[in-house]
Amino acid sequence: LLCRDVSSNLLSSFPVAGLRGLTHLKLTGNRALQSLISSESFPELKVMEMPYAYQCCAFGACESHYKIPSQWNKEENSSSEDLLRKDPGLLQIQDERDFEDFFLDFEEDLKAHHSVQCSPSPGPFKPCEHLFGSWLIRIGVWAIVALTVVCNALVSATVFRAPLYLSSIKLLIGLMALVNASMGLASGVLAGVDASTFGSFARYGAQWESGAGCRATGLLSIFASEASVFLLTLAALERAFSARRAAKFQTSSCLGAVKVAVAFCLLLAMSVAAVPLLAGGQDGLSPLCLPLPFGEPSAMGYMVALVLLNSLCFLVMTLAYTKLYCSLEKGELDSIWECSMVKHVALLLFTNCILYCPVAFLSFSSLLNLTFISPEVVKSILLVIVPLPACLNPLLYMFFNPHFKEDLGSLQKQTLLWRRSKHASLISVNSEDIEKQSCDSTQALVTFAGAGISYDRPASSSLVPPARPVTEGCKLSSVAFVPCR
């Protein structure tokens, strides 16, 4: 056999016995065939089509140019062109037979490493060694994950546990913190995969990108991104209506209506995130678990649809705040903009819109077939720029909103009071036990003393009056150990 076409089957493994003479092999469409095939098993192979690009890494098709480990590089550490430019007298020193053997070995190395045409070829989104590709991206992703999880957890704790009354805008800020923390968790999963498969990602790339873990990570990432945009839009609309009502001395927005709108936003975000899973999820698969803005038409169309939806949300937010600015008079505007929450939502709107511009530009450039953006830049945008708003949103709230300091102080007071009350309850329980024991021992001593006195006194003397005041005194003294509530 020289040619073998077994494409579009359900193969989970491919035999190598008796097939060492194959020159053409086609295995595309076998999604269950995820293991690597050794290049030593097919020494005569010239053309091959594999189900995954990672399987071409074993045949020398990597992201960078393959370096040939020949005797030429070992002895002279220079390229073939440099050696040919040297003095021919250096080559004539060697024996003719040795030179012919040396040249034949070099041709065999070229055939072994450059004659195999394997597709699909690996690249930045189908890496052979590292998922992230560079230490700059790796350090940036780990920093974003750490700040996102810690800061959003702190913001959600201060919002939901500190205040006695939870307003509608604080409810939205707290929910945005929880959603942003989910984005940090999704990026943390990718960082963990990069660390666990460091240097040998080709072995696990096919299992990862087609497994349930990558699908869940992509679902969580898209849901967190879309829910953050929808909740920010709802917060902008809520601040605009609340400011107009406050200027007209009307009541603020109803918390129940805001909760219904929040439920609708979360349901819409989950529906948008579930579209790739419902569509089968086979088109545009990537180890980053995100839809790529190029390649398959379905994946590119989904990415462009997300960009258009988010652009519409940012347009609604901008129009709402522009109308708020134009509808209020100068004096009312100064008093309204003293509200920190209105300023905070405006700052969030500006920051998130600026950070979303590279993603929108990337999607529309791929739609217009503009190829001046390298895949490395696209990969850095998807890994760093997309989760960056989830990291900056809690930092903006912590540094520029005075409500955070108030809620943090209230949370610290609650924690301190809880510790004191727990400590006081333990002291009160212990003091009651000690007091009870002391009262029992005191009464026993009094009874014993009364019994001793009865031997000296007449039988008509009573033992109750001496014991009663002592017992009452014990009971009254225990009141002093009860903490004041």
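Which residues of H5 are buried?

Modeller: This is a predicted model, in which local features need pLDDT of at least 70 and side-chain atom pairs count only at pLDDT 80 or more, while totals for chains, interfaces and linings use all residues. Residues are numbered from 1 along each chain as its sequence is written, and side-chain values use heavy atoms, with hydrogens and water left out.

Buried in H5 are Ile-137, Arg-138, Val-141, Ile-144, Val-145, Thr-148, Cys-151, Asn-152, Val-155, Ser-156, Thr-158 and Val-159, where buried means under 20% relative accessible area with a 1.4 Å probe, protein chains only.

Val-155 also belongs to the largest nonpolar core, of 86 residues, where Val-155, Phe-132, Leu-231 and Leu-382 touch the most other members. Such a core is a set of buried Ala, Val, Leu, Ile, Met, Phe, Trp, Tyr and Cys residues joined through side-chain atoms within 4.5 Å. Helix H8 (residues 212-247) gives the most to this core, with 13 residues.

Leu-231 is in contact (heavy atoms within 4.5 Å) with Leu-172, Leu-175, Met-176, Val-179, Val-262 and Cys-265, leaving aside residues up to four places away in sequence. A second, separate core has 16 residues, among them Phe-42, Leu-45, Met-50 and Val-116.

Key
Buried < 20%, exposed > 50% of the residue type's maximum accessible area, 1.4 Å probe, protein only. Helix = DSSP H or I, 4+ residues; strand = E, 2+ residues; numbered from the N terminus.
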